[in-house]
Amino acid sequence: MGFLENIGTFLQDQVFGMKWLNAGIGRFLSLFGLDVTGRIGGSVRFFLYDTVKITVLLCFLIFLISYVQSYFPPEKSRKILGRFHGVWANIVAALLGTVTPFCSCSSIPLFIGFTGAGLPLGVTFSFLISSPMVDLGSLVLLTSIFGWNVAVVYVVFGLIIAVAGGTLIEKLHMETYVEDFIKNVPAADIEAVSVSQNDRFTYAGAQVAFTFKKVFPYILVGVGIGAVIHNWIPETWIETVLGSGNPFGVVLAVLLGVPLYADIFGTIPVAEALLFKGAQLGTVLSFMMAVTTLSLPSLIMLRKAVKPKLLGTFIGICTAGIMLAGYLFNALQFLFI
């Protein structure tokens, strides 16, 4: 048992967490006379360490997930979803969302295609909620920062929100609140062509280059904000606003996260710094969920596809689910850290 625990600790700290990299950067900066325990040196160390770590994980994860995704093109995904009914269809849609694009804006075109193809509205919304909030990348990145237990529970909560949200929308029978042009989108019926392993590797490599160019600026911004919070913002400020003494910390975190636009890679360093400064775990994770699922740009795009009542219902369900998950995490925080 002790051997397995040692393996788990090694994977979390040295493989996913790359603590060896943090130590190496600290020694490198010390050679130039920077005090890595001070504000300036600590900020530089945090920025370099998180930028390199997240970039390495980003490229590896995008390649891996894109390779898996090559087996599930949109038409094949639609056919898979079409085989299931009831809550099982919502579960499969939520799970399918874990191997799709990393941000909410990238998921909306797929949502439109699935809806136009005649899939149940609740099923497509389960996919839309799950895709940006929960993916294989978030599982690895959260493990690198918070540990495997937090990562697994975060993914489980995200899937529950996706399944419950889609099921509720289905029960409300809101099909009439989808814009007419979505209903008239012709469904593709193209047989899957044979794809070689070389094609899959080429596709995965292209996705790495494309996504990296798109995401890297947000990583720099997120790491920069995290460095400022980590080394310049007093702990008492964070504890007052987002700590256990404020029962509305989760609400504030969600409201703060909605207008922002980022993905899991850009949000992680901010969350890491907030937790280090005394914010509650559930409050930090609810902030991450809100940023990735309810960003303002994605809501503007979604408004083009659905009418205000359905959009408002989607926002309300996601917000309530994220807040509930945040408070549950806070109540059970002692089990995770």
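Helix H9 (residues 148-171) contributes the most to a nonpolar surface patch, giving four residues. Helices here are DSSP runs of H or I with at least four residues, numbered from the N terminus. The patch consists of Leu139, Trp148, Val152, Val156 and Ile160, with about 450 Å² of accessible area together. Patch residues have over 30% relative accessible area and no salt bridge, and nonpolar side chains are joined within 5 Å. Areas follow the Shrake-Rupley method with a 1.4 Å probe. Leu139 lies in helix H8 (residues 136-146).

The model is predicted; local features need pLDDT of at least 70, and side-chain atom pairs count only at pLDDT 80 or more, while totals for chains, interfaces and linings use all residues. Residues are numbered from 1 along each chain, and side-chain values use heavy atoms, without hydrogens and water.

The largest nonpolar core holds 82 residues. Such a core joins buried nonpolar residues (under 20% relative accessible area) through side-chain atoms within 4.5 Å. Phe125, Phe146, Tyr154, Leu285 and Phe314 touch the most other members. H9 supplies the largest share, 11 residues. Domain 1 (1-71) and domain 2 (84-188 + 216-335) both give residues to this core, so it lies between them. Beyond neighbours within four places in sequence, Leu285 contacts (heavy atoms within 4.5 Å) Leu142, Phe146, Val150, Tyr154 and Phe329.

One salt bridge was found in the whole structure. The criterion is a Lys or Arg side-chain nitrogen within 4 Å of an Asp or Glu carboxyl oxygen. Arg303 pairs with Glu179, the closest N and O atoms being 3.1 Å apart. Arg303 lies in helix H16 (residues 296-303) and Glu179 in the loop between H9 and helix H10 (180-183), so the pair ties together parts 124 residues apart in sequence.

Technical notes:
Patches are made of residues with over 30% relative accessible area and no salt bridge: like charges are joined within 9 Å, nonpolar side chains (Val, Leu, Ile, Met, Phe, Trp, Tyr) within 5 Å. Helices (H or I, at least four residues) and strands (E, at least two) are DSSP runs, numbered from the N terminus. Buried means under 20% relative accessible area, exposed over 50%, partly exposed in between (1.4 Å probe, protein chains only). Domain bounds come from an automatic or database domain assignment.
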